[in-house]
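Please consult the sequence and the structure shown below while reading.

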Amino acid sequence: MTSVDLGIPVTRRTVDTSARPDTPYLVDRFGRVATDLRVSLIDKCNLRCTYCMPAEGLPWMKRSEMLDTDEMIRLISLAVRELGVTNVRFTGGEPLLRQDLVDIIAATGSLPEAPRTSLTTNGINLGRFAEQLAGSGLDRVNISLDTLDRETFHGLTRRDRFEDVIAGLEAAKEHGLEPVKVNSVLLRGINDHEACDLLRYCLDRGYQLRFIEQMPLDPQHGWDRAEMVTADEILRLLGEEFSLTPHTAERGSAPAERWLVDGGPATVGVIGSVTRPFCATCDRTRLTADGQLRSCLFSQTETNLREPMREGVDDAELATLWRETMWAKAAGHGMDREDFVQPTRPMSSIGG
């Protein structure tokens with residue numbers, strides 16, 4: 001196997017919090033409050049999408065480095081109970097590869113003032129687990145699907161599992177994990193001609209489609225801004241067959257700009273993370289499978305919660321570390337700056 005050195009930073013920082021208001025919540029210096037916790041449960045994936053990881057995979061985290069079930073539940077509980085988190089999204093890698101997923105979701109759902117829960121998955125195993133996940137208290141799912149063509153799917157993901165994803169979508173709807181959202185990344189010259197087909201497919205089945213600009217989070221560092229299909233291009237492609245009007249609902253901290261399709265009520269979303277950043281309203285805080293806290297997808301630093309926890313610190317100290325990390329959150333991801341540096345930790349071990 002060809003290895004890729006992730007160079008993942010593990011840092012404990014001293015943060016000046018002298019100006020921080022006296023609040024238990026996850027406030028930052030720019031007036032934002034983080035209430036949405038993204039939890040990457042595992043870095044492994046059963047696809048090898050060309051824009052996400054090399055064909056041979058990556059050097060996966062050691063089991064001893066990953067938070068175990070009790071550690072994961074402890075930190076999620078702390079975030080909900082003490083820090084004001086109201087939404088928890090479980091991601092990966094591919095979260096359905098984690099054997100204790102149902103236990104973690106059930107524990108999250110049983111918390112007092114339980115948060116809304118969602119799962120971002122590639123859908124391959126969802127057909128087998130959707131009923132169990134719904135029974136554990138999961139509210140809804142986001143499923144990645146970039147193409148409706150089986151051969152293109154095989155080429156993009158390096159796996160012949162298209163039919164499994166379709167079965168996963170159907171199972172999610174059957175078991176009430178709604179709204180079922182579909183995440184699509186368009187790649188120039190590969191699947192960008194499918195924009196309208198993907199939207200029509202989702203409209204016909206009651207799924208909510210969201211196109212996402214490709215982001216520089218691949219371990220190969222092969223992302224090229226000039227080759228990225230932009231939000232403007234996506235809207236132009238959709239406009240060839242559909243009438244789109246801006247949704248009138250308040251967007252709030254939602255990453256997707258929503259558009260009414262042919263007058264509504266159906267909608268389509270576009271997440272222009274690169275060309276239309278929404279950092280000013282970001283309400284996310286991120287926990288990785290190895291217990292590292294990140295204030296942003298593109299953070300260059302992390303706060304290690306795993307080691308203090310294993311050294312025996314109490315919840316109050318963990319909460320302080322969490323608050324300090326979020327207080328230091330940058331104003332934006334900085335992709336438009338000349339000095340922007342792609343984070344060393346790839347998307348597969350941060351979560352989307």
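A residue is called buried when its relative accessible area is under 20%, exposed when it is over 50%, and partly exposed in between, with a 1.4 Å probe and protein chains only. The model is predicted, and local features need pLDDT of at least 70, side-chain atom pairs count only at pLDDT 80 or more, and totals for chains, interfaces and linings use all residues. Residues are numbered from 1 along each chain as its sequence is written, and side-chain values use heavy atoms, with hydrogens and water left out.

## Aromatic pairs

Rings of Phe, Tyr and Trp (its six-membered ring) form a pair if their centres lie within 6.5 Å; planes under 30 degrees apart count as stacked, over 60 as edge-to-face and the rest as tilted. Three aromatic pairs are present in the structure. One of them joins F153 and F162, whose ring centres are 5.8 Å apart and whose planes meet at 65 degrees, so the pair is edge-to-face. F153 is buried at 4% relative accessible area, and F162 is buried at 8%. Y201 and Y207 form a tilted pair, with 6.2 Å from centre to centre and 55 degrees between the planes. Y201 is buried at 12% relative accessibility, and Y207 is buried at 6%.

## Helix packing

Two packed helices are described by the angle between their axes and the distance between the axes. Helices (H or I, at least four residues) and strands (E, at least two) are DSSP runs, numbered from the N terminus. Axes are lines fitted to C-alpha atoms, for helices over the stretch in contact, and angles run from 0 to 180 degrees between N-to-C directions. Angles under 35 degrees count as roughly parallel, over 145 as roughly antiparallel, 65 to 115 as roughly perpendicular and the rest as oblique.

How do helices α1 and α9 cross, and at roughly what angle? Helix α1 (residues 69–82) and helix α9 (residues 315–327) have axes that come within 11 Å and cross at roughly 75 degrees. The two helices are therefore roughly perpendicular to each other. Contact, meaning heavy atoms within 4.5 Å, is made by R74, L75, L78, A79, R81 and E82 of α1 and by D315, L318, A319, W322 and R323 of α9. In this contact, six residues are nonpolar, none is polar and five are charged. Here Ala, Val, Leu, Ile, Met, Phe, Trp, Tyr, Cys and Pro count as nonpolar, Asp, Glu, Lys and Arg as charged, and the others, Gly among them, as polar.

Helix α2 packs with helix α3 (residues 126–136) at an angle of about 25 degrees, the axes being 8 Å apart. This angle makes α2 roughly parallel to α3. The residues in contact are L101, V102, I105 and A106 of α2 and Q132, L133 and S136 of α3. By class, five of these residues are nonpolar, two are polar and none is charged.

Helix α7 (residues 231–239) has A231, E233, I234, L235 and L238 as its buried residues. They pack against α6, β8 (208–212), β9 (244–246), β10 and β11. The C-alpha atom of I234 is separated by 10.0 Å from that of H193, which is 41 residues away along the chain. H193 lies in the loop between β7 (181–184) and α6 (195–205) and is exposed at 56% relative accessible area.

## Cysteines

A disulfide is a covalent bond between the sulfur atoms of two cysteines; in this report, the pair of sulfur atoms must lie within 2.5 Å. The structure holds zero disulfides.

## Backbone features in loops

Most residues other than glycine have a negative phi, and most peptide bonds are trans. The peptide bond from G92 to G93 is cis, with omega near 5 degrees; G93 is placed in the loop between β4 (87–91) and α2 (101–109). G264 and P265 are also joined by a cis peptide bond, with omega about 5 degrees, and P265 is found in the loop between β10 (257–261) and β11 (267–271).

E113, a residue other than glycine, has a positive phi near 50 degrees. It sits in the loop between α2 and β5 (116–121) and is exposed at 78% relative accessible area. R158, which is not a glycine, has a positive phi of about 60 degrees. R158 belongs to the loop between α4 (150–157) and α5 (162–174) and counts as partly exposed at 28% relative accessibility.
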